[in-house]
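This report looks at how charged side chains pair in one protein model. Please keep the sequence and the 3D view at hand while reading.

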Amino acid sequence: MDPIEMIELFDCPICGGPGVMFDEGGWALNVQCCDCGAHTAVATYKPENRIEIAKAVAQTWNVGKVIKPGIGD
């Protein structure tokens, strides 16, 4: 199992849907809501600091700092 799957993600701060961590081809991570599409900024990483960056992205999501898709976004 991938260690980043063990990082706790709260429900979406916009709609309450589930948040999922996405790895963008081994160079970047972000968290996105499966229901409304709200997401964090994409954070790039090097293989040796992947877990550290994953925890930082999860913390950003968990405190509610997300980009909400919609008109004007």
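## Salt bridges around one arginine

In this predicted model, Arg50 is buried, with a relative accessible area of 18%, which falls in the buried class because that class covers values under 20%. Side chains of opposite charge can pair when their charged atoms come close.

| Salt bridge | N to O distance |
|---|---|
| Arg50 and Asp2 | 2.8 Å |
| Arg50 and Asp23 | 3.0 Å |

In the pair listed at 2.8 Å, the side chain of Arg50 meets that of Asp2. Asp2 is partly exposed, its relative accessible area being 23%.

The other pair joins Arg50 to Asp23, with the closest N and O atoms 3.0 Å apart. Because Asp23 lies in strand β1 and Arg50 in helix α1, this pair ties together parts that are 27 residues apart in sequence. Asp23 is partly exposed, and its relative accessible area is 31%.

Which residues do the salt bridges that share partners join into one network? They are Asp2, Asp23 and Arg50.

Terms used:
Residues are numbered from 1 along each chain as its sequence is written. This is a predicted model: local features need pLDDT of at least 70, side-chain atom pairs count only at pLDDT 80 or more; totals for chains, interfaces and linings use all residues. Side-chain values use heavy atoms; hydrogens and water are left out. A salt bridge is a side-chain nitrogen of Lys or Arg within 4 Å of a carboxyl oxygen of Asp or Glu. Buried means under 20% relative accessible area, exposed over 50%, partly exposed in between (1.4 Å probe, protein chains only). Helices (H or I, at least four residues) and strands (E, at least two) are DSSP runs, numbered from the N terminus.
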